Amino acid sequence: MPTSTEKIFAEFKEHSVAEFFKKNQQMLGFSGKTRSLTTIVHEYVTNSLDACEEAGILPEITITIVELDRERYRVVAEDNGPGIPEKHLGKALGQMLAGTKFHRYCQQRGQQGIGASGCTMYAQITTGKPVHVVSRYDRKRISCDLSIDLKSNSPRIANLLKEEGDFGSGLRVEAEVAEVKYDMSSFGVYEYIRRTALANPHLQITLNAPDGQKFTFPRSDNRIPPKPVVVQPHPLGLSTNDLIDFAHREKECRKISSFLQERFARLSASKVDELRALCPDVDFEKNPQELQWQEAEKIVKAIHNEKVKWIAPSTDSVIPIGREQIEKSLRNILAPEFVAVTERPPKIYKGGIPFMVEAAIAYGGGAGKKNGAPEGAAASSEIIRYANRAPLLFDNSGCAITEAVKGIDWKRYKLKDFEEEPISVFVNLCSVYVPYTSAGKQAIADEEEVVQEIRNAVMEAARELQRYLGGKHRERDRAERKKAVLRYVPQLSRDLVELAGKGDAKSVEKELVRLIETKYSGQIENGGDEEEEALEEPEEKGGKEGGDEEE
Ligand SMILES: Nc1ncnc2c1ncn2[C@@H]1O[C@H](COP(=O)(O)OP(=O)(O)O)[C@@H](O)[C@H]1O
Ligand SMILES: [Mg+2]
């Protein structure tokens, strides 16, 4: 007998977003033991950095990890940021999809409001324990235990304590988590923190590791990065889905025409008229709340119609780390022999999304040392990837940065085998809208314009490295030649004295040595004589790769 429809649907249920993420933890980065721990640290550190940047505070963060049992740790994250006021504390850390950064079109690390609450959930489902939070702000100190009611996706607060007094400001979150692992691998917490320090020279960060070691990455620059500016999206970067989203969220504009004009960059009244002419069956006078999918699709198509010419978006939204700051930071942490940083103007991809690539190369010294490798181990290259200063540790091979860097013909830059060189290649992609390959936000999609710009930026730094290595090779050759010439001096001096039939070999020898020394030191100062110059590869040809160089 077939089951009745009623019976099948007896099990019909609704789930909260918290229950959804409980089942799909990997979407939040909770997959694999090492990665799960790194994810927790990442969420707390990015929140502290965002909060400090917004409050104009030079960030000081301490991460403490204590091993409690096998694969069970206590993670404490503490910052000197603005803290969270009591009335928002529960939602901020105990409710999924709640936060201050939602729908804000600006360059910040967090966006969805699922980072910190995701950690609260992870602690809860692996150890059954709430997180303990202490928030200091406006002469108050609030502490409580916090968990999420997963069924209703709402915060549960217990043991709330309030004190008044001068406590300064900041947030401290303590979470007990299991099924995680601390290690020194290139996916671990230490590496994550080291890379965060590299891209955030204004940050002072300390890691108290489970084995009792304390690592402090001191601040190398006192400038607070500019506050992220909220910008309007450019029409060319819009998908149909985005347009519907924006329209249905609209509360003030009563007409589609005014909504388009008010909410998007470079969309003037005359542009609205042009779009109107291209979409005769769309009513631009109706409420944006009523915009239908087919209509939005038509508008987006009209936006991309080649007859409509757009002014490129302003690139104000793009906030780079800065050339000087990157150099300081690399010198501070890697102590390399040589550093080159490129500074290139922002570009646009997909016609409407501004972005900027910062690239740097560190060579020699501590550059290219694999984390956790034994003392004296051979060097090997490393590619340090970032999106808006947040390190990307996972999904290395599917990332546009890796693809662009590995695609460069490094031999042309005097590097015999890129993999085995003491080199760190640093790339930061800044944009309000980073094209991640997936919700895990660990790899950048291969947008053609982005890949090309990464390649150009890295090659520009590589040319400086080539010049440096060229000079180094020349100096070495010169030293060898000088040594070879000096070898003949004693014999030659004796022969000269004999031929001339007068003089004294010792003083001739002294004079010859002086002449040779002067010649070779002169060459070094002058940057080499002609004969030596010819040994160097012709710069232009050696430095340029085919015809695909700059734009
Ligand atoms: N260390 C912190 N200091 C101040 N506010 C914070 C801190 N951590 C989190 N918050 C607040 O909690 C909100 C939620 O954080 P989170 O769940 O990580 O989402 P997101 O970072 O995507 O907004 C943030 O938007 C912010 O308002
Ligand atoms: Mg966050």
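I'm working with a predicted model, where local features need pLDDT of at least 70, side-chain atom pairs count only at pLDDT 80 or more, and totals for chains, interfaces and linings use all residues. Residues are numbered from 1 along each chain as its sequence is written, chains are lettered from A and ligands numbered from 1 in the order in which they are written, and side-chain values use heavy atoms, with hydrogens and water left out.

**Entry: α8 and α9**

I looked up helix α8 (residues 256-263) against helix α9 (residues 269-278): their axes come within 9 Å and cross at roughly 130°. Axes here are lines fitted to C-alpha atoms, for helices over the stretch in contact, and angles run from 0 to 180 degrees between N-to-C directions. Helices (H or I, at least four residues) and strands (E, at least two) are DSSP runs, numbered from the N terminus. I logged α8 and α9 as oblique to each other; under 35 degrees is roughly parallel, over 145 roughly antiparallel, 65 to 115 roughly perpendicular, and the rest oblique. The crossing of α8 past α9 is right-handed. On the α8 side I found Ser-257, Leu-260 and Gln-261, which meet Ala-269, Val-272, Leu-275 and Arg-276 of α9; contact means heavy atoms within 4.5 Å.

**Entry: α7 and α10**

Next I took helix α7 (residues 240-249) and helix α10 (residues 293-303), which pack at about 115° with axes 9 Å apart. This crossing of α7 past α10 is right-handed. From α7, Thr-240, Asn-241, Leu-243 and Ile-244 take part, and from α10, Trp-293, Ala-296, Glu-297, Ile-299 and Val-300.

**Entry: Ala-387**

Is Ala-387 buried or exposed? Ala-387 counts as buried, because its relative accessibility is 2% (buried is under 20% relative accessible area, exposed over 50%, partly exposed in between, with a 1.4 Å probe and protein chains only). I find Ala-387 in strand β12 (residues 382-387). Leaving out neighbours within four places in sequence, Ala-387 touches Leu-392, Asn-428, Leu-429, Val-434 and Tyr-436.

**Entry: whole protein**

I noted 16 helices and 14 strands. Buried residues make up 48% of the 551. The C-alpha trace spans about 120 × 65 × 65 Å along its principal axes.

Technical notes: A crossing is left-handed if the near helix is turned anticlockwise from the far one by less than a right angle, and right-handed if clockwise.
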